[in-house]
Amino acid sequence: MIGVETDWECYAMVELMECSICCKPKKENLILLGKNICSECEERIVQSNAGDLSYSVFLEKIKDILRTAGSKEPSIW
Ligand SMILES: [Zn+2]
């Protein structure tokens, strides 16, 4: 096939899942309620401090995952 990005070449071999934080197709790493958090983002979360701006951004993303997964209502966004 022509025009296949290198990133996607291993798609058939390795299960790629969109990371819910950086929104890139990444290898399954940490599955939180059916959503993937790639190793890079996980590391960034772990390395960020509670006072960091990035920390609160990650926290919001995770809260978002929990909210979406916990919602019993059909998606009406
Ligand atoms: Zn990520």
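Three helices and four strands make up the secondary structure of the protein. Along the sequence, these elements follow the pattern α-β-β-β-β-α-α. The model is predicted. Its mean pLDDT is 81, and 73% of the residues reach 70 or more. Strand S2 has the highest value, at 94, whereas helix H1 (residues 6–9) has the lowest, at a mean of 55. Where pLDDT is low, the predicted coordinates should not be read in detail.

Burial was examined next. The protein has 77 residues, and buried residues make up 10% of them. Contacts between residues at least 6 apart in sequence were also considered. Of these, 20% join residues at least 24 apart.

Cys19 is one of the buried residues. Cys19 sits in the loop that links strand S1 (16–18) to strand S2 (25–27). Cys19 counts as buried because 23 other C-beta atoms lie within 10 Å, and the cut-off for burial is 20 or more. Beyond its neighbours within four places in sequence, Cys19 is in contact with Lys24, Lys26, Asn36, Ile37, Cys38 and Cys41. Leu30 is eleven residues from Cys19 along the chain, and the C-alpha atoms of the two are separated by 9.3 Å.

Cys19 also belongs to the largest nonpolar core. This core has five residues: Cys19, Ile21, Ile37, Cys38 and Cys41. In soluble globular proteins, nonpolar side chains tend to be buried together.

Most residues other than glycine have a negative phi. Cys23 is not a glycine, yet its phi is positive, at about 60°. Leu33 is not a glycine either, and its phi is positive at about 50°. Cys23 is found in the loop between S1 and S2. Leu33 is found in the loop between strand S3 (30–32) and strand S4 (35–37).

Are these two residues buried or exposed? Cys23 is exposed, because 9 other C-beta atoms lie within 10 Å and the cut-off for exposure is 12 or fewer. Leu33 has 11 C-beta neighbours inside 10 Å, so Leu33 counts as exposed. The loop between S1 and S2 therefore holds both buried Cys19 and exposed Cys23.

Technical notes. Residues numbered from 1 in each chain as written. Predicted model: local features only at pLDDT ≥ 70, side-chain atom pairs only at ≥ 80, totals over all residues. Helix = DSSP H or I, 4+ residues; strand = E, 2+ residues; numbered from the N terminus. Contact = placed C-beta atoms within 7 Å. Core = buried A, V, L, I, M, F, W, Y, C linked by C-beta atoms within 7 Å. pLDDT = per-residue confidence, 0-100.
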